[in-house]
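Hello,

Here is the structure I promised to pass on. My notes on what I found follow below it.

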Amino acid sequence: MADPKRLEFGWFLPTAGDTTAYGLPSAQVAPSLELFDKIVGAAEAAGFEYMLVPVQTACWEAWISSAMMVARSKSMRMLVAARPSYINPVLLAKMITAFDQLSGGRICINLIAGQSEAESASEGIKWGKEERYEIMDEEVSILKALWTTRGPVNFDGKFYQLKGAQIRPYPLQQPHPRFYLGGGSKQAWEISAKHSDVHLFWGDTYERIRANMEEIKSMAARHGRENAIGFGMRLQVVCRETEKEAWDFAHGLVEHASEAQKAFVKERFATSEANRRVRELAAIGETIEPHLWTGITQVRPGAGIAIVGDPEQCADTLQKFIDLGCHSFCLSGYLHDEEAERFGKWIMPILRQRNPGRMLAA
(Lines give C-alpha, C1' and ligand atoms only; values in the text may rest on other atoms or scores of the structure.)
Protein backbone atom coordinates (compact mmCIF):
# COMPACT_ATOMS: atom_id res chain seq x y z
CA MET A 1 0.00 0.00 0.00
CA ALA A 2 1.36 3.41 -0.93
CA ASP A 3 2.17 5.93 1.80
CA PRO A 4 -0.77 8.36 2.10
CA LYS A 5 1.43 11.37 2.94
CA ARG A 6 1.28 14.29 0.54
CA LEU A 7 4.02 14.20 -2.08
CA GLU A 8 6.54 17.04 -1.99
CA PHE A 9 9.35 17.91 -4.37
CA GLY A 10 12.51 19.83 -3.58
CA TRP A 11 15.31 21.09 -5.83
CA PHE A 12 19.01 21.80 -5.30
CA LEU A 13 20.79 25.16 -5.22
CA PRO A 14 24.37 24.57 -6.50
CA THR A 15 26.19 27.27 -4.55
CA ALA A 16 29.57 25.96 -5.77
CA GLY A 17 28.45 26.60 -9.36
CA ASP A 18 26.79 24.64 -12.15
CA THR A 19 28.04 22.64 -15.12
CA THR A 20 27.11 20.63 -18.19
CA ALA A 21 30.38 18.65 -18.15
CA TYR A 22 32.51 17.87 -15.10
CA GLY A 23 36.20 18.52 -15.79
CA LEU A 24 35.59 20.78 -18.81
CA PRO A 25 36.40 24.41 -17.88
CA SER A 26 34.28 25.89 -20.68
CA ALA A 27 31.20 24.09 -19.32
CA GLN A 28 31.42 25.56 -15.81
CA VAL A 29 29.03 28.25 -14.56
CA ALA A 30 30.38 30.23 -11.61
CA PRO A 31 28.19 30.80 -8.54
CA SER A 32 26.51 34.18 -8.42
CA LEU A 33 23.34 35.91 -7.29
CA GLU A 34 22.20 35.88 -10.92
CA LEU A 35 22.64 32.10 -11.12
CA PHE A 36 20.86 31.52 -7.82
CA ASP A 37 17.95 33.76 -8.87
CA LYS A 38 17.62 31.86 -12.13
CA ILE A 39 17.59 28.44 -10.45
CA VAL A 40 15.26 29.32 -7.58
CA GLY A 41 12.87 31.06 -9.98
CA ALA A 42 12.82 28.09 -12.34
CA ALA A 43 12.27 25.63 -9.48
CA GLU A 44 9.46 27.70 -7.99
CA ALA A 45 7.72 28.01 -11.37
CA ALA A 46 8.06 24.25 -11.91
CA GLY A 47 6.23 23.43 -8.67
CA PHE A 48 9.12 22.59 -6.37
CA GLU A 49 8.48 23.46 -2.73
CA TYR A 50 11.90 23.57 -1.13
CA MET A 51 15.56 24.16 -2.02
CA LEU A 52 18.38 22.05 -0.59
CA VAL A 53 21.30 24.38 0.14
CA PRO A 54 24.67 22.54 0.40
CA VAL A 55 27.44 23.12 2.96
CA GLN A 56 30.70 21.63 1.65
CA THR A 57 33.90 23.66 1.61
CA ALA A 58 33.49 24.60 -2.06
CA CYS A 59 30.00 25.99 -1.47
CA TRP A 60 28.93 29.50 -0.53
CA GLU A 61 27.80 29.86 3.09
CA ALA A 62 24.38 28.23 3.40
CA TRP A 63 22.58 30.38 5.98
CA ILE A 64 23.41 33.69 4.29
CA SER A 65 22.57 32.27 0.85
CA SER A 66 19.29 30.83 2.13
CA ALA A 67 18.22 34.06 3.82
CA MET A 68 18.94 35.99 0.64
CA MET A 69 17.06 33.58 -1.60
CA VAL A 70 14.01 33.18 0.62
CA ALA A 71 13.65 36.98 0.51
CA ARG A 72 13.94 36.98 -3.28
CA SER A 73 11.40 34.19 -3.87
CA LYS A 74 7.68 33.92 -3.25
CA SER A 75 6.94 30.52 -1.74
CA MET A 76 10.15 28.47 -1.67
CA ARG A 77 11.22 26.89 1.62
CA MET A 78 14.93 26.57 2.33
CA LEU A 79 16.35 23.26 3.55
CA VAL A 80 19.45 24.41 5.44
CA ALA A 81 22.00 22.30 7.28
CA ALA A 82 22.43 22.22 11.04
CA ARG A 83 25.86 20.64 11.56
CA PRO A 84 26.90 19.42 15.00
CA SER A 85 29.21 21.73 16.98
CA TYR A 86 29.33 24.44 14.29
CA ILE A 87 26.81 26.77 15.99
CA ASN A 88 25.91 26.98 19.67
CA PRO A 89 22.45 25.33 19.88
CA VAL A 90 20.80 28.25 21.71
CA LEU A 91 22.00 30.65 19.01
CA LEU A 92 20.98 28.14 16.33
CA ALA A 93 17.48 27.91 17.85
CA LYS A 94 17.19 31.72 17.69
CA MET A 95 18.53 31.85 14.12
CA ILE A 96 16.02 29.28 12.92
CA THR A 97 13.01 30.83 14.66
CA ALA A 98 13.92 34.33 13.44
CA PHE A 99 14.20 32.88 9.91
CA ASP A 100 10.90 31.05 10.41
CA GLN A 101 9.01 34.14 11.58
CA LEU A 102 10.52 36.56 9.05
CA SER A 103 9.99 34.20 6.09
CA GLY A 104 6.45 33.17 6.99
CA GLY A 105 7.39 29.59 7.86
CA ARG A 106 9.74 28.90 4.95
CA ILE A 107 12.54 27.06 6.71
CA CYS A 108 13.30 23.36 7.27
CA ILE A 109 16.39 21.81 8.80
CA ASN A 110 18.82 19.34 7.24
CA LEU A 111 20.76 17.31 9.81
CA ILE A 112 24.29 16.61 8.53
CA ALA A 113 27.08 15.08 10.60
CA GLY A 114 29.61 15.55 7.77
CA GLN A 115 30.65 13.30 4.91
CA SER A 116 34.39 13.96 5.09
CA GLU A 117 36.73 13.64 8.07
CA ALA A 118 39.34 15.69 6.20
CA GLU A 119 36.85 18.49 5.63
CA SER A 120 35.79 18.47 9.29
CA ALA A 121 39.42 18.65 10.40
CA SER A 122 40.13 21.48 7.96
CA GLU A 123 37.34 23.51 9.57
CA GLY A 124 38.47 22.94 13.15
CA ILE A 125 35.90 20.28 14.07
CA LYS A 126 37.77 18.03 16.50
CA TRP A 127 35.06 15.43 17.04
CA GLY A 128 35.01 12.09 15.22
CA LYS A 129 31.92 10.93 13.36
CA GLU A 130 30.40 8.91 16.20
CA GLU A 131 30.78 11.82 18.59
CA ARG A 132 29.34 14.21 16.01
CA TYR A 133 26.15 12.14 15.93
CA GLU A 134 26.03 12.22 19.75
CA ILE A 135 26.41 16.00 19.60
CA MET A 136 23.68 16.18 16.94
CA ASP A 137 21.32 14.24 19.20
CA GLU A 138 21.92 16.69 22.05
CA GLU A 139 21.60 19.73 19.79
CA VAL A 140 18.30 18.63 18.26
CA SER A 141 16.97 17.76 21.71
CA ILE A 142 17.92 21.28 22.86
CA LEU A 143 16.33 22.90 19.80
CA LYS A 144 13.06 21.06 20.33
CA ALA A 145 13.05 21.88 24.06
CA LEU A 146 13.70 25.58 23.45
CA TRP A 147 11.00 25.74 20.77
CA THR A 148 8.28 23.94 22.71
CA THR A 149 8.91 25.04 26.32
CA ARG A 150 7.35 28.30 27.51
CA GLY A 151 9.86 29.19 30.16
CA PRO A 152 13.48 28.49 31.10
CA VAL A 153 15.12 25.32 29.75
CA ASN A 154 17.73 23.32 31.65
CA PHE A 155 19.83 20.66 29.94
CA ASP A 156 22.55 18.46 31.34
CA GLY A 157 24.24 16.46 28.60
CA LYS A 158 27.65 15.10 27.75
CA PHE A 159 28.48 18.02 25.45
CA TYR A 160 26.08 20.79 26.52
CA GLN A 161 24.83 22.11 29.85
CA LEU A 162 22.18 24.83 29.95
CA LYS A 163 20.79 26.63 32.99
CA GLY A 164 17.63 28.63 32.43
CA ALA A 165 18.02 29.10 28.64
CA GLN A 166 15.26 31.02 26.85
CA ILE A 167 14.78 32.26 23.30
CA ARG A 168 12.72 34.77 21.35
CA PRO A 169 10.90 34.44 19.06
CA TYR A 170 9.24 31.04 19.20
CA PRO A 171 8.68 29.21 15.89
CA LEU A 172 5.91 30.19 13.52
CA GLN A 173 5.59 26.58 12.33
CA GLN A 174 4.06 24.39 14.99
CA PRO A 175 5.37 22.63 16.91
CA HIS A 176 8.56 23.60 15.06
CA PRO A 177 10.20 23.47 11.58
CA ARG A 178 10.61 20.03 10.04
CA PHE A 179 13.83 18.01 10.26
CA TYR A 180 15.32 16.08 7.33
CA LEU A 181 18.28 13.70 7.51
CA GLY A 182 20.14 11.77 4.83
CA GLY A 183 22.67 9.27 6.14
CA GLY A 184 23.61 5.66 5.56
CA SER A 185 25.01 4.56 8.92
CA LYS A 186 23.01 2.89 11.69
CA GLN A 187 23.92 5.84 13.92
CA ALA A 188 22.38 8.22 11.37
CA TRP A 189 19.29 6.03 11.18
CA GLU A 190 18.93 6.16 14.96
CA ILE A 191 18.99 9.97 14.89
CA SER A 192 16.37 9.94 12.13
CA ALA A 193 14.25 7.45 14.05
CA LYS A 194 14.32 9.71 17.11
CA HIS A 195 14.13 13.16 15.53
CA SER A 196 13.50 13.37 11.77
CA ASP A 197 10.29 14.15 9.94
CA VAL A 198 11.84 12.86 6.70
CA HIS A 199 14.70 10.41 6.20
CA LEU A 200 16.16 11.02 2.73
CA PHE A 201 17.76 7.99 1.09
CA TRP A 202 20.32 8.34 -1.65
CA GLY A 203 19.63 6.28 -4.76
CA ASP A 204 19.67 2.53 -4.29
CA THR A 205 17.90 -0.59 -5.50
CA TYR A 206 14.17 -0.75 -4.83
CA GLU A 207 14.57 -3.80 -2.61
CA ARG A 208 17.30 -2.14 -0.55
CA ILE A 209 15.17 1.00 -0.06
CA ARG A 210 12.18 -1.11 0.99
CA ALA A 211 14.27 -3.05 3.53
CA ASN A 212 15.90 0.11 4.90
CA MET A 213 12.52 1.79 5.35
CA GLU A 214 11.26 -1.16 7.38
CA GLU A 215 14.33 -1.12 9.59
CA ILE A 216 14.13 2.61 10.27
CA LYS A 217 10.41 2.33 10.99
CA SER A 218 11.13 -0.35 13.58
CA MET A 219 13.78 1.90 15.14
CA ALA A 220 11.32 4.83 15.16
CA ALA A 221 8.71 2.63 16.87
CA ARG A 222 11.01 2.37 19.89
CA HIS A 223 10.66 6.15 20.22
CA GLY A 224 6.90 6.07 19.64
CA ARG A 225 7.44 7.64 16.19
CA GLU A 226 6.65 4.82 13.77
CA ASN A 227 3.94 6.91 12.10
CA ALA A 228 5.71 10.25 12.53
CA ILE A 229 8.74 9.58 10.34
CA GLY A 230 8.45 9.90 6.56
CA PHE A 231 10.79 8.85 3.77
CA GLY A 232 12.19 10.43 0.65
CA MET A 233 14.82 10.12 -2.07
CA ARG A 234 17.75 12.38 -2.91
CA LEU A 235 18.38 11.83 -6.64
CA GLN A 236 19.79 13.45 -9.77
CA VAL A 237 17.61 13.70 -12.89
CA VAL A 238 18.59 13.68 -16.57
CA CYS A 239 15.35 13.95 -18.55
CA ARG A 240 15.19 14.63 -22.28
CA GLU A 241 12.51 14.20 -24.94
CA THR A 242 14.04 10.88 -26.01
CA GLU A 243 15.92 8.23 -24.06
CA LYS A 244 18.88 8.50 -26.44
CA GLU A 245 19.19 12.25 -25.84
CA ALA A 246 19.12 11.65 -22.09
CA TRP A 247 21.86 9.02 -22.17
CA ASP A 248 23.99 11.08 -24.55
CA PHE A 249 23.88 14.03 -22.16
CA ALA A 250 24.48 11.82 -19.11
CA HIS A 251 27.62 10.28 -20.61
CA GLY A 252 28.85 13.70 -21.75
CA LEU A 253 28.42 15.01 -18.22
CA VAL A 254 31.24 12.80 -16.89
CA GLU A 255 33.44 11.95 -19.89
CA HIS A 256 35.82 14.88 -19.40
CA ALA A 257 36.47 14.26 -15.69
CA SER A 258 40.12 13.59 -14.90
CA GLU A 259 41.38 10.59 -12.97
CA ALA A 260 42.63 13.02 -10.31
CA GLN A 261 39.12 14.41 -9.86
CA LYS A 262 37.67 10.91 -9.52
CA ALA A 263 40.39 9.93 -7.03
CA PHE A 264 39.72 13.05 -4.93
CA VAL A 265 36.00 12.22 -4.64
CA LYS A 266 36.79 8.63 -3.72
CA GLU A 267 39.43 9.43 -1.10
CA ARG A 268 38.05 12.64 0.42
CA PHE A 269 34.74 11.02 1.38
CA ALA A 270 35.98 7.49 2.10
CA THR A 271 34.72 7.35 5.69
CA SER A 272 31.10 8.17 4.87
CA GLU A 273 28.86 5.09 5.02
CA ALA A 274 26.47 6.59 2.47
CA ASN A 275 29.33 7.37 0.07
CA ARG A 276 30.72 3.85 0.61
CA ARG A 277 27.36 2.41 -0.45
CA VAL A 278 27.30 4.64 -3.53
CA ARG A 279 30.73 3.33 -4.57
CA GLU A 280 29.53 -0.21 -3.95
CA LEU A 281 26.59 0.40 -6.27
CA ALA A 282 28.83 1.94 -8.94
CA ALA A 283 30.96 -1.21 -8.87
CA ILE A 284 27.87 -3.25 -9.83
CA GLY A 285 27.65 -1.49 -13.17
CA GLU A 286 26.36 1.56 -15.00
CA THR A 287 22.77 1.01 -13.83
CA ILE A 288 21.46 -0.50 -10.59
CA GLU A 289 17.85 -0.59 -11.85
CA PRO A 290 16.48 0.38 -15.26
CA HIS A 291 17.12 4.12 -15.68
CA LEU A 292 19.00 4.47 -12.36
CA TRP A 293 22.54 5.43 -13.39
CA THR A 294 25.69 5.41 -11.23
CA GLY A 295 27.87 7.58 -13.50
CA ILE A 296 27.76 10.86 -11.57
CA THR A 297 29.09 9.11 -8.45
CA GLN A 298 32.53 9.12 -10.11
CA VAL A 299 32.77 12.89 -10.12
CA ARG A 300 30.47 14.15 -7.39
CA PRO A 301 30.42 13.24 -3.70
CA GLY A 302 27.09 12.55 -2.08
CA ALA A 303 23.89 11.67 -3.86
CA GLY A 304 25.15 10.87 -7.34
CA ILE A 305 22.63 8.23 -8.47
CA ALA A 306 20.64 9.67 -11.39
CA ILE A 307 17.35 8.92 -13.09
CA VAL A 308 18.03 8.95 -16.84
CA GLY A 309 15.38 8.72 -19.54
CA ASP A 310 12.48 10.29 -21.36
CA PRO A 311 9.60 11.83 -19.34
CA GLU A 312 7.60 8.61 -19.04
CA GLN A 313 10.67 6.62 -17.99
CA CYS A 314 11.65 9.21 -15.39
CA ALA A 315 8.09 9.35 -14.03
CA ASP A 316 7.92 5.53 -13.92
CA THR A 317 11.13 5.40 -11.88
CA LEU A 318 9.91 8.00 -9.39
CA GLN A 319 6.55 6.23 -9.16
CA LYS A 320 8.28 3.03 -8.06
CA PHE A 321 9.78 4.91 -5.11
CA ILE A 322 6.39 6.51 -4.37
CA ASP A 323 4.75 3.09 -4.36
CA LEU A 324 7.39 1.88 -1.89
CA GLY A 325 6.28 4.63 0.50
CA CYS A 326 8.55 7.59 -0.30
CA HIS A 327 6.75 10.94 -0.31
CA SER A 328 9.54 13.55 -0.41
CA PHE A 329 11.87 13.89 -3.41
CA CYS A 330 14.94 16.12 -3.29
CA LEU A 331 16.21 16.35 -6.86
CA SER A 332 18.83 18.08 -8.99
CA GLY A 333 20.00 18.15 -12.61
CA TYR A 334 22.13 19.98 -15.16
CA LEU A 335 21.90 22.82 -15.78
CA HIS A 336 19.82 23.24 -12.65
CA ASP A 337 17.46 25.90 -13.98
CA GLU A 338 16.91 24.08 -17.29
CA GLU A 339 16.40 20.65 -15.68
CA ALA A 340 13.91 22.13 -13.19
CA GLU A 341 11.95 23.57 -16.11
CA ARG A 342 11.93 20.23 -17.92
CA PHE A 343 10.80 18.42 -14.78
CA GLY A 344 7.94 20.85 -14.24
CA LYS A 345 6.85 20.70 -17.88
CA TRP A 346 7.22 16.97 -18.57
CA ILE A 347 7.32 14.91 -15.37
CA MET A 348 5.17 16.78 -12.83
CA PRO A 349 1.98 16.43 -14.95
CA ILE A 350 2.47 12.65 -15.26
CA LEU A 351 2.96 12.27 -11.51
CA ARG A 352 -0.08 14.46 -10.76
CA GLN A 353 -2.21 12.27 -12.99
CA ARG A 354 -0.95 9.09 -11.31
CA ASN A 355 -1.23 10.41 -7.74
CA PRO A 356 -4.51 12.35 -7.58
CA GLY A 357 -4.91 14.51 -4.48
CA ARG A 358 -1.36 13.92 -3.25
CA MET A 359 0.44 16.83 -4.98
CA LEU A 360 0.10 20.59 -4.97
CA ALA A 361 -2.21 21.89 -7.68
CA ALA A 362 -0.46 23.04 -10.84
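Helix H7 passes helix H11 in a right-handed crossing. This is a predicted model, so please read the notes with that in mind. H7 spans residues 206-221 and H11 spans residues 311-324. Their axes come within 10 Å and cross at roughly 25 degrees. Angles under 35 degrees count as roughly parallel, so H7 is roughly parallel to H11. On the H7 side, the contact is made by Tyr206, Ile209, Arg210 and Met213. They meet Thr317, Lys320, Phe321 and Leu324 in H11.

Next, the nonpolar cores. The largest one has 87 residues. Phe9, Phe48, Leu331 and Phe343 touch the most other members. Helix H5 (residues 129-148) gives this core its largest share, 8 residues. A second, separate core has 15 residues, including Ala250, Val254, Ala257 and Ile296.

Leu331 is worth a look. Leaving out residues up to four places away in sequence, Leu331 touches Phe9, Gly10, Trp11, Phe12, Phe48, Arg234, Leu235, Val237, Leu318 and Phe343.

Then there is Ser328, in strand S15 (residues 328-332). Is Ser328 buried or exposed? Its relative accessible area is 0%, so Ser328 is buried. What does the side chain of Ser328 make a polar contact with? The partner is the side chain of Tyr50, at 3.2 Å. Tyr50 is also among the residues that Ser328 touches, not counting those up to four places away in sequence.

Best wishes

Definitions and conventions: Residues are numbered from 1 along each chain as its sequence is written. This is a predicted model: local features need pLDDT of at least 70, side-chain atom pairs count only at pLDDT 80 or more; totals for chains, interfaces and linings use all residues. Side-chain values use heavy atoms; hydrogens and water are left out. A nonpolar core is a set of buried Ala, Val, Leu, Ile, Met, Phe, Trp, Tyr and Cys residues joined through side-chain atoms within 4.5 Å. Buried means under 20% relative accessible area, exposed over 50%, partly exposed in between (1.4 Å probe, protein chains only). Helices (H or I, at least four residues) and strands (E, at least two) are DSSP runs, numbered from the N terminus. Contact means heavy atoms within 4.5 Å. A polar contact is a pair of N or O atoms within 3.5 Å; within protein, one must be able to donate a hydrogen and the other to accept it, and residues adjacent in sequence count only if both atoms are side-chain atoms. Axes are lines fitted to C-alpha atoms, for helices over the stretch in contact, and angles run from 0 to 180 degrees between N-to-C directions. Angles under 35 degrees count as roughly parallel, over 145 as roughly antiparallel, 65 to 115 as roughly perpendicular and the rest as oblique. A crossing is left-handed if the near helix is turned anticlockwise from the far one by less than a right angle, and right-handed if clockwise.
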